[in-house]
Amino acid sequence: MTLRQLAWRNLMRRKTRSLLTLLSIVIGVASILGVIASVESAKKALPQYLQSVFGKADFTVQGTDAYFRENAISSIQAVEGTASVAMLKHSAKLKWDAPGITDIQKRVDLRGYSDTDTALTAFQVVKGKLGTDGAVISDRTARVWGADVGDTIALVTDTGLREIKIAAVVRYTIELMGPSSWTMAKYHPWTVVVPLSAVQDWFGLAGKIEGISIKILDGTDPSRVQERVAGQLKERGEELYVQPVLLDADAQFKDVNTFFLALYMAGFLGISLSAFVIFHSLYVSVQERRGEFAAMRTIGYTSDQLRLLVLYEVLFLSLIGTAAGLLAGSGLAAGLKALLFLLLSIHQEAGTALAAGFLAAVPAGILIPLAASLYPIRKAGRSSVADELRKKTRPVRRRWPLIAGMVLILSGFFIPHLVLLVPLLTGVALVFPYLFRGFVACLKPLYRTLFGFTGELAGRNLSRSLGRTSMTSVILCLGIAMIVLMSSLNAALIQTYERVIHATYGGNLDVMLHHIEPDDLQLLRDTEGVADAVTYPLQAVVWHLNGDKRKLPVYGVGEDWIDRFPLFTSEGSAPGETIRRLASDELLMDRISYQLWGGTVGDRILLETPEGPRSFRVAGVVETMKNSGYGAFMNKEHFRTSFGVKYERNALVLKQEDYAPLQLRENIFDRFGARIEEMFGPEDWVSVISAVYTGSFSVVHLLIILATVISGIGITNTLLMNIMERIRELGMLRAVGVTRSQVVRMVMLEGMGIGAAATLGGILLGTLLLYLTTRFLDIHSLTFPFRVSPGILLLIALFGLAVSLTASLLPAARAAKTKLGEALRYE
Amino acid sequence: MEEETKIMIKLEKAAKVFGSEAGTFTALQETDLEIRKGEFVAVMGPSGSGKSTLLQLLGGLDLPTTGSVRVDGEPLEKLSEKERTLFRRSKVGFVFQNYQLLPMMTAAENIALSLAASRTPKAEMERAVARLIGQVNLTGKEKSFPSQLSGGQQQRVAIARALAMKPKLLLADEPTGNLDRKNGRDVLELLSRLNREEQITVVMVTHDRYAAEAASRVVTLLDGAIASDEAEKAVAK
Ligand SMILES: Nc1ncnc2c1ncn2[C@@H]1O[C@H](COP(=O)(O)OP(=O)(O)OP(=O)(O)O)[C@@H](O)[C@H]1O
Ligand SMILES: [Mg+2]
């Protein structure tokens, strides 16, 4: 019989074991594929997600006046490779007669679109048809209203009651932003998309639009489009300009790279854990046959022949396993991608790119098993036959992993970058077996008191195959640590935003009117619940930056009120003092625009004014989250003269203490009604920001949870191996009267022990990681306090235990099903 | 009726057939067998003749494919899985060729295994273990782990474990198979003594003619059927 046949025979002879090993290869390969596909999809999806949050358009065309002529769109449509939509917005009131629904809940933002069925709007139709002269609403709005395609929406407008039929219900998107319930409608208006002509007609704006959005179709060069659009606009001789939208989103998420790093880290973790699961189970399955190999050597097999035999066995397994893993992995990858896109509510038809995944998964599925099996086989070849047969394997306690691990962990303290995860996690993996031994020693008495006989057995079993068991535990531990880190970062991010937003919002409410009349301010101040109010001018100024044009929102700030209505915080002196000291050509930049600019304080920037481009001196950098932290501030008086703004649109409102924020909104709405274009408070901003971040983090969470589930499979594998190895022992236990349920409990407790060590270790490690990262991490120019939420930790602990519980179910069932006769006869 | 109560084991047309993809294999043909309380029966026969299979049926580790197995009046095939476990725990002691001790437990802890499984109070357990250790002559070895004991000592620990619940029936599958002559003799003597003094019924599988001499009756299996069943001369003496 050739060695190859013998190898095959061996595999067939131990079917269960072969199947288990095969399974771990399949799972490892599949999860590598899944992880890589997720990272790849996330790389593609995130920019899209951010863009969908901040607008789908690549460019917008705007005028210096509020409105410009509609026919500008035709010159833009002449530019090839673009899709464009002309827009006109207006607010209106829903005619809705139902008890308990007040006016503020009936606010509707009407968006007139020249076309609703374009690559730019990209609505996903749930029901009905786009491109007709009906209205388009989101599925969320349709649900709250109980409305359907064909129903009529009645609106109160300047020119009387108007009705329009619903032509299509589409998936919720940012353009169709609206409240999720009637209660939420007190915060946000509904949005209804209607044909452009409807808005023009109802509000006496015939022939007028206020903006054009342009999307570049695939394969078109953006800079050429911008040039051509600019050319077209110049020909028209109107005061229109085109500007890229994307750049704003870039500014918002300049720290997207940090995020990608986190994503890669999670991916790296997933891949290493998968690799580890493969390595581990192969290692164990060869290791435990050392006695058999020794016996084969006594009957004349050489070490080389043995090595070749194992090589064949492993090769067979890895080839089959990799093939099956690729198959399963493709399915997993597609599923994960779909889930990811669902989480980010992005729609994309493109297939999953599997090439990179295959490139990593195939070698992993074949080389790792070989590597894992060669080490123990080499050892088996070297040790004396007699030793092996006697099976008196004394555990050798080596010191180097402990020392190397400590060094690696310590080095993590000195790396001010997320990359510190790599040495730190490696170090923990090396040190963990020592800690695990201590943990088991503490667990034993606990198990004994809590669970009696079965606890005693489980505790002792845990300290038997310590190497294998602790390796399994450390895998789960690393996964849990990452969950702790990422979810805490997520929470810290949102809390920090919340704090900063509240500190620099300039009051409790920002009310934007179409324009503010002289008595409006007094009217506002007299409104019930208002403690104080001011108005301010805001202009999105064109900024010439390195030959590019972009928009810079500039705020006119009154030195008399800025300390009461803080729009920013500045170092050194109070905001009022800082504003007072500004000269007429000086402004303050916020951190984001400052970094975007790349200059230094004292240098000048070029801004477009009614008199043409003028340079302004950057006098300082301030912190703000107003307008998501992108803008510049000037003294209100200088702002007026520089930019010739005749009217103000925004009012900041301070609420009387203890006055309900919602009631305040209602009161103000009752006063100003449809003249209000927008009412936005810091809490709205917080919810938008946290939704964006939580959405982005969901990808990382998904990956880490995947990695943790893989570690759960590691536990299953280890427990199954323990059971196989001790099958005769199980038979004996059952023979002497240990019941089936006692055996089940014993196996479950073993699994839970592994899981508990991992969970405890993971939480401690995660907290350490959080501490280390909060020392240097700054996202969006914000730093984060080191804080762990007991709630999150508790949740994660439950998750860790749930994973290990689930992982133990199969082995426990398997142990319960052991046929006694066969078990006692085994080998 | 009087006869009934004296019977420990009664096999009626009990047969065991193993099935696998390769086909079926009859390990034990339809067998009738009666063993009375207090008997010491040796089961002999060539390898593969079905000795272990028979023993497993007697201990309720496995069920006959057809027929019935009655132990101490209990029809095993009628009991539930759990009832059979409890039956084994309270009425049957098992001794195996390779001792089957838990390596991570001391001699005393191994002996106490079934006691612990049935939640015996600690004090009672300690008393029982002390008694058992004395019974198998291992005083002083309570704290030793199996790896620190000789084969004979390990087997005696295993016997003590089997005796812990005061069983009426002791089933031993080649208990001396791994032992040298001297140790084997010690174990056999121990079994005989238990049989004599405690009236424990013993069924012992063995390959060893010499070992079989300790028994009062020898049942020989051949190809899954009883080939002979005779009282040993030793008893006649
Ligand atoms: N689970 C099983 N499936 C199929 N055949 C089995 C199974 N268990 C035992 N056998 C077969 O039943 C027959 C009897 O086995 P048994 O173990 O009772 O023999 P034995 O008399 O105890 O032999 P030995 O003296 O070698 O221990 C053997 O031929 C064996 O191959
Ligand atoms: Mg046998």
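## Conventions

Helices (H or I, at least four residues) and strands (E, at least two) are DSSP runs, numbered from the N terminus. This is a predicted model, in which local features need pLDDT of at least 70 and side-chain atom pairs count only at pLDDT 80 or more, while totals for chains, interfaces and linings use all residues. Residues are numbered from 1 along each chain as its sequence is written, chains are lettered from A and ligands numbered from 1 in the order in which they are written, and side-chain values use heavy atoms, with hydrogens and water left out.

Chain A contains 25 helices and 24 strands. Its C-alpha trace spans about 100 × 55 × 55 Å along the principal axes. Of the 827 residues in chain A, 56% are buried; here buried means under 20% relative accessible area, exposed over 50%, and partly exposed in between (1.4 Å probe, protein chains only).

The accessible surface of chain A is about 34600 Å², and carbon and sulfur atoms hold 59% of it. Such areas come from the Shrake-Rupley method with a 1.4 Å probe, and for residues only the protein chains shown count as cover. Among contacts in chain A with a separation of 6 or more, 81% join residues 24 or more positions apart; a contact requires heavy atoms within 4.5 Å.

## Nonpolar cores

In soluble globular proteins, nonpolar side chains tend to be buried together. A nonpolar core is taken here as a set of buried Ala, Val, Leu, Ile, Met, Phe, Trp, Tyr and Cys residues joined through side-chain atoms within 4.5 Å. The largest has 174 residues, and those with the most contacts inside it are A:M486, A:L765, A:L769, B:I9, B:L170 and B:V203. Helix α15 (residues 466-503) of chain A gives the most to this core, 18 residues. Because domain 1 (1-55 + 251-394) and domain 3 (435-505 + 684-827) of chain A both contribute residues, the core lies between them; the domain bounds come from an automatic or database domain assignment.

On the chain B side, B:V203 has contacts, beyond its neighbours within four places in sequence, that include B:I9, B:I35, B:V41, B:L55 and B:L170. A second, separate core of 45 residues includes A:F68, A:L110, A:I153 and A:I216.

## The site of ligand 1

Residues from chains A and B surround ligand 1, so the site is shared between chains.

An oxygen atom of ligand 1 lies 2.8 Å from a backbone N or O atom of B:G48. A polar side-chain atom of B:K51 is 2.7 Å from an oxygen atom of the ligand, and an N or O atom in the side chain of B:S52 is also 2.7 Å from a ligand oxygen atom. The protein covers 72% of the 630 Å² of accessible area that ligand 1 has on its own.

A:D520 is placed in helix α16 (residues 520-526) of chain A and counts as buried, at 6% relative accessibility. Apart from residues up to four places away in sequence, A:D520 touches A:L513, A:H515, A:F672 and A:R675.

A:N490 lies in helix α15 of chain A and is likewise buried, at 7% relative accessibility. Beyond its neighbours within four places in sequence, A:N490 is in contact with A:Y693, A:T694, A:F697 and A:H701.

## Exposed residues and positive phi

Most residues other than glycine have a negative phi. A:D658, however, has a positive phi near 70°; this residue is found in the loop between β21 (650-655) and α20 (661-672) of chain A and is exposed at 78% relative accessibility. B:K166 also has a positive phi, of about 50°. The loop that holds B:K166 runs between α7 (151-163) and β7 (169-173) of chain B, and at 58% relative accessibility this residue counts as exposed.

A:K165, in strand β8 (residues 160-170) of chain A, is exposed with a relative accessible area of 52%.

How values were computed:
A residue is near a molecule or strand if one of its heavy atoms lies within 4 Å of it. A polar contact is a pair of N or O atoms within 3.5 Å; within protein, one must be able to donate a hydrogen and the other to accept it, and residues adjacent in sequence count only if both atoms are side-chain atoms.
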